[in-house]
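Trainee: I have this one open for the first time. Can we go through it piece by piece?

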Amino acid sequence: LIVMASCPALVVLLFFSAALSSTCQGGKVLVYPLDGSHWLNMKILVELLHSQGHEITVVRSSTSWYISEGSPDYTSITITQKHSQHIESQDFMTSFLKRSIDIRRREGSLRGFFEFYQNLFHMVRENQQDVAKMVTDIFENKTLIRNLKDKEYNFVLTDPAFPAGVLLAHYLQLPVVLNARWAYNGDGHFIIAPSPLSYVPQLFSYNSDQMDFHQRMKNVISHLMLVYMMHFVSDPPYQAVCDKYFGPEVNVMSLMQGADLWLMRSDFVFEFPRPTMPNVVYIGGFQGRPSKPLPADLEEFMQSSGEHGVVVMSLGTLLGDLGPELSEIVASAFASLPQKVVWRHIGERPTSLGNNTLLVKWLPQNDVLGHPKTKLFISHGGTNGIYEAIYHGVPVLGLPLIFDQMDNFVRMKARGAAEIVDVTTVDVESLTKTLRNILHPANSYGERMKKLSQLHHDKPMKPLDSALFWMEFVMRHKGAPHLRTESYKLPWYAYHCLDVMAAFAALGLVVMALAWLLCRRVFRALTGPKNSKS
């Protein structure tokens with residue numbers, strides 16, 4: 001220290017050397033993200049890796065909605081596409097939402113059941129075909145492929161909901177890190193971990209982990225429908241790519257099962273307990289962060305709520321417009337509350353809007369949820385918003401619309417921190433009653449959510465720090481195959497030990513046959529002399 005103090009030039013030299021060393025140690029990561037709300041999650045990891053000195057390259061479509069071509073955190077590779085992917089289209093998603101709500105009005109009927117899955121399969125097929133087309137364009141661009149290979153990336157970070165990034169990683173022979181909750185066949189756990197349907201609820205079953213006979217039957221049916229979707233809806237576009245570039249022995253499912261690391265956007269404060277695997281790292285709630293001060297006008301509105309506090313409503317980016325009929329119901333219910341309301345609303349201003357309600361086009365959601373005046377969060381059920389509510393300890397009222405949103409609220413309701421309103425049957429009276437029920441202090445929704453928040457925060461390592469450690473672990477060791485089960489290389493009959501059971505059954509039949517022959521011979525030996533004597 002004395003030497004350094006007496007020689008400032010030496011201090012500068014040491015810091016410069018440390019900076020050079022850090023730069024040299026930086027890795028190179030190729031990111032193949034999914035657009036929409038999934039990109040909001042991936043962007044956090046991209047910014048994190050960049051902050052640690054790693055070089056990031058993001059593959060994006062020319063029609064991308066969320067993913068910017070220019071960024072201080074990454075270099076982008078833009079793949080020219082003639083038309084946008086369906087999931088990137090506001091019109092497509094609005095139409096899908098409208099059809100979904102119409103179908104839910106027939107929920108419980110056989111017709112409604114098949115219409116639900118028909119609508120889902122149509123949406124999934126359209127999007128998977130778009131994504132498969134884009135990865136084919138990448139493979140056919142030999143200059144791009146050569147540049148990607150010359151870059152010598154450490155690993156590919158991708159989202160398996162649309163598994164084009166998994167195919168690209170296999171083409172480049174790079175380790176794979178999946179930023180996941182959903183895969184192209186539903187919950188990502190069902191790809192890599194044992195998932196007993198007796199207590200692990202499948203997507204669209206709307207079950208908790210405590211199921212009676214009829215719920216288990218529904219769970220099995222939901223699982224079979226998603227198995228059908230995987231084999232006959234999601235998989236064919238990608239299998240065509242595999243057949244052309246890798247050979248028929250390669251398939252997307254086995255490539256995902258062979259991923260080195262799963263960064264699972266789940267926390268068992270929210271998820272139901274279930275079997276897992278060593279290469280699954282749970283980072284649920286990693287987007288949570290302390291709230292920042294609000295803009296002056298919004299802060300003034302929050303403070304004007306007095307002792308009653310504020311209700312916050314936001315239905316995400318894609319689904320901000322409920323339509324005039326539902327919007328009028330919501331506005332009328334809000335007008336009867338003593339609380340102030342901040343509502344992120346897209347569409348026409350409801351005529352029944354009360355003086356206590358502030359409509360905004362954009363909302364700093366995390367900062368508002370972390371405000372001490374916020375008493376309730378009304379959400380469509382996206383996991384980003386739910387985890388922000390858990391982080392800040394704010395109870396939730398669910399207006400689930402599509403995808404996994406109802407299943408997400410089933411989990412929160414089972415924890416006692418949320419209630420659910422059915423958008424197909426809701427009216428002003430029922431919505432008002434539910435709002436007052438959750439806001440009433442005696443019903444303890446807030447206390448139960450605060451307990452979940454305490455559990456969520458009580459960890460030896462923050463989820464984001466855990467994600468960084470394991471991504472750099474893959475860099476240092478060029479993968480993590482020792483954490484990966486080899487079960488995916490087994491044929492299905494060997495995985496379920498059906499060949500062993502068949503061998504035992506055959507052995508049992510042989511033993512029974514031998515015993516029967518022995519008994520028959522003994523019987524003849526005992527009865528034969530008597531018959532001949534007589």
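Trainee: Leaving aside neighbours within four places in sequence, what is Leu148 in contact with?

Mentor: Leu148 is in contact with Leu30, Ile77, Tyr153, Leu168 and Leu172. Contact means heavy atoms within 4.5 Å. This is a predicted model, where local features need pLDDT of at least 70 and side-chain atom pairs count only at pLDDT 80 or more, while totals for chains, interfaces and linings use all residues. Residues are numbered from 1 along each chain as its sequence is written, and side-chain values use heavy atoms, with hydrogens and water left out.

Trainee: Which residues touch the most other members of the largest nonpolar core?

Mentor: Ile138, Phe139, Leu148, Leu167, Leu168 and Trp262, out of 49 residues in that core. A nonpolar core is a set of buried Ala, Val, Leu, Ile, Met, Phe, Trp, Tyr and Cys residues joined through side-chain atoms within 4.5 Å. Buried means under 20% relative accessible area, with exposed over 50% and partly exposed in between (1.4 Å probe, protein chains only).

Trainee: Which element gives the largest share of this core?

Mentor: Helix α7, with 7 residues. Helices (H or I, at least four residues) and strands (E, at least two) are DSSP runs, numbered from the N terminus. Another core, of 45 residues, lies apart from the largest one and includes Met93, Leu97, Phe121 and Leu431.

Trainee: Changing topic. How many aromatic pairs are there?

Mentor: The structure holds 23. Rings of Phe, Tyr and Trp (its six-membered ring) pair if their centres lie within 6.5 Å; planes under 30 degrees apart count as stacked, over 60 as edge-to-face and the rest as tilted. Tyr117 and Phe204 are edge-to-face, because their centres are 6.3 Å apart and their planes are at 85 degrees. Tyr117 is in helix α5 and Phe204 in the loop between α8 and α9, 87 residues apart.

Trainee: Are those two buried or exposed?

Mentor: Both Tyr117 and Phe204 are buried. They also belong to one aromatic cluster, along with Phe113, Phe114, Phe116, Phe121, Tyr228 and Phe232.

Trainee: And α18, which of its residues are buried?

Mentor: Pro463, Ser466, Ala467, Leu468, Met471, Glu472, Phe473, Val474 and Met475. What covers them includes β1, α3, β4, β5, β8 and β9.

Trainee: What comes just after α18?

Mentor: Lys478, which takes a positive phi of about 55 degrees.
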